[in-house]
Amino acid sequence: MDDPMNVLAPEHRLLRIGDTWRGAASGATFTVEDPATGKAIAEVADAGAADGLAALDAASTAMADWAATPPRQRSELLTATYRALIGRSEEVARLITLEMGKPLAEARAEVAYGAEFFRWFAEEAVRVEGRYSTAPGGGCRILTVPKPVGPCVFVTPWNFPLAMGARKIAPALAAGCTTITKPAALTPLTMLLLARIMQEAGVPPGVVNVVTTKRAGEVVSALLSDRRTRKLSFTGSTEVGRGLLRQAADNVLRTSMELGGNAALIVCADADLDVAVDGAMVAKMRNIGESCIAANRIYVEEPVREDFTARFAARMAALSMGHGLDDGVDVGALIDEPAVAKVGELVADAVDRGARVLVGGRRPDGPGWFYPPTVLVDVPEDARMLTEEIFGPVAPIVSFTSDDEVMAKANDTEYGLAGYVFTRDLQRAIRFAEGLETGMLGVNRGLISDPSAPFGGVKQSGIGKEGSHEGILEYLDFTYAAIDLP
């Protein structure tokens with residue numbers, strides 16, 4: 001196994017502000033741990049409000065020049081970042097595994113996924129367009145001019161420490177915005193490495209700033225209270241998102257919010273069960289279940305309930321658990337002790353209410369924050385795991401007997417991020433697509449994330465879209481000019 005202290009050079013465990021790597025003004029640091037062992041892997045700078053505002057100074061100073069940089073030049077810098085990430089995939093992936101816990105194969109997949117945002121938005125950078133037209137009533141011409149919104153503040157989560165930052169930074173830079181990223185304190189190292197890679201790729205100082213901190217409230221509040229900040233993008237829980245929206249309202253900031261989920265995965269009696277089981281494994285176990293779009297509730301139509309459950313449980317039981325850097329590991333450690341405790345509480349609550357555990361259900365002894373792949377059946381409707389985001393490798397299975405019944409159950413949540421349907425009936429699939437209250441739907445597939453598709457939810461799962469053409473529009477304002485021309 002790698003010596004983790006050699007993965008990221010000490011000078012790059014500091015704050016990236018403007019053209020320098022510097023410590024926190026207070027000199028404070030905090031420890032990053034390997035969740036598979038609980039051991040320290042690095043000390044990083046612990047920023048305060050003054051450091052956050054220094055990053056905003058740098059982003060504001062760089063804003064005019066970056067906005068005026070030709071789109072082709074911005075595109076080429078994003079392409080250079082894409083190529084560097086692909087070329088250094090193994091290095092980045094190992095760092096992701098060390099600080100987040102996911103198996104190395106999944107970390108490699110995250111690098112490929114995150115890098116793709118830089119390639120996609122390199123292509124979008126040169127396709128930002130305005131509009132010129134004749135007013136319907138005549139007498140003037142209508143000109144719309146796209147402009148970058150300004151300095152952007154990004155608050156990113158720990159579960160995809162590269163991809164969630166890439167999904168925000170790439171479109172912002174493509175549009176001509178400068179950025180300040182506050183990565184999760186549990187996984188700051190990957191974002192610091194990305195900042196170094198972008199620096200080496202030639203991205204100018206002040207365009208990409210990274211501020212690591214365990215005092216997120218203090219730092220982010222200072223940034224959102226400053227009138228120079230013009231955009232906030234956050235990925236995380238709905239509860240935290242609500243609080244950030246309240247703060248953003250004071251300066252009427254543009255916001256993009258990718259919040260919590262409670263995805264229903266629906267297996268119809270006419271589904272191809274091989275496809276359904278494969279899809280359910282991906283939708284549930286990708287990223288150890290620590291994903292906002294993970295299948296949180298699995299509904300199976302009664303005629304195929306026993307068959308699907310037996311196949312799915314067997315697949316879950318066959319997964320191996322261990323350190324993400326070890327060969328043959330399918331399931332790594334959860335992010336920290338509170339994550340394991342919450343998953344355990346949800347399982348205990350369901351069992352207390354009458355659910356039965358078919359696979360897993362008991363935390364193993366030993367170091368690290370591990371919880372085994374777990375399958376429960378006979379889960380009652382009042383079980384907490386059917387209403388709360390599980391964020392772990394636990395799958396509750398519930399039967400249904402009609403489309404109307406399962407549609408109502410799937411929609412009975414404040415969330416509306418993602419859903420999954422398995423059926424061979426095209427008309428049935430379309431009815432679910434139209435009836436389910438979600439921003440995204442996987443039909444006969446468990447993997448729906450794609451940089452070329454608009455990612456985002458409805459209801460209390462968020463505001464705005466990331467990825468696709470829609471993603472760059474989140475970072476653009478449009479000036480309308482009425483030109484007199486009788």
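The model is predicted. The chain has 486 residues and a radius of gyration of 23 Å, which agrees with the value near 23 Å for a compact globule of that length. UniProt, in an unreviewed entry, lists residues 21–477 as "domain: Aldehyde dehydrogenase". An unreviewed entry there also places an "active site" feature at Glu258.

**Overall form**

- The secondary structure of the chain consists of 14 helices and 20 strands.
- Along the principal axes, the C-alpha trace extends about 70 × 65 × 40 Å.
- Buried residues make up 57% of the 486 in the chain.
- Among contacts with a sequence separation of 6 or more, 73% are between residues 24 or more positions apart.
- The chain has an accessible surface of about 18700 Å², and carbon and sulfur atoms contribute 52% of that surface.

**The annotated domain**

- The span that the UniProt record assigns to the domain is residues 21–477.
- This span is 41% helix and 19% strand, and its end C-alpha atoms are 32 Å apart.

- The relative accessible area of Glu258 is 5%, so Glu258 falls under the 20% limit and counts as buried.
- Beyond its neighbours within four places in sequence, Glu258 is in contact with Met164, Arg167, Phe234, Thr235, Gly236, Cys292, Leu417, Phe455, Ser461 and Glu466.
- One of these contact residues, Arg167, also makes a polar contact of 3.0 Å with Glu258 through the side chains.

**Strand E11 and its partner**

- Of the 5 residues in E11, 4 are buried, so the strand is largely enclosed by the rest of the structure.
- Strand E10, residues 231–235, runs parallel to E11 and is joined to it by 5 bridges.
- Phe234 has Met257 of E11 as its bridge partner, and Phe234 is also among the residues in contact with Glu258.

**Helix H3 and Thr97**

- Thr97 belongs to helix H3, residues 89–100.
- With a relative accessible area of 0%, Thr97 is buried.
- Leaving out neighbours within four places in sequence, Thr97 is in contact with Lys102, Pro103, Leu104, Ala107, Gly324 and Leu325.
- Thr97 and Ala58 are separated by 39 residues in sequence and by 31 Å in space, C-alpha to C-alpha.

**Helix H10 and Thr309**

- Helix H10 spans residues 305–317 and contains Thr309.
- Thr309 has a relative accessible area of 8% and is therefore buried, the limit being under 20%.
- Apart from residues up to four places away in sequence, Thr309 touches Leu358, Val377 and Ile397.

**Helix H12**

- In helix H12, residues 403–411, the residues Asp403, Val406, Met407, Lys409, Ala410 and Asn411 are buried.

Technical notes:
Residues are numbered from 1 along each chain as its sequence is written. This is a predicted model: local features need pLDDT of at least 70, side-chain atom pairs count only at pLDDT 80 or more; totals for chains, interfaces and linings use all residues. Side-chain values use heavy atoms; hydrogens and water are left out. UniProt positions are given in the numbering used here, feature names are shortened, and annotations may be inferred rather than shown by experiment. Buried means under 20% relative accessible area, exposed over 50%, partly exposed in between (1.4 Å probe, protein chains only). Contact means heavy atoms within 4.5 Å. A polar contact is a pair of N or O atoms within 3.5 Å; within protein, one must be able to donate a hydrogen and the other to accept it, and residues adjacent in sequence count only if both atoms are side-chain atoms. Helices (H or I, at least four residues) and strands (E, at least two) are DSSP runs, numbered from the N terminus. The radius of gyration is taken over C-alpha atoms; the globule rule is 2.2 Å times the number of residues to the power 0.38. Accessible areas come from the Shrake-Rupley method with a 1.4 Å probe; for residues, only the protein chains shown count as cover. Two strands pair if DSSP finds at least two bridges between them.
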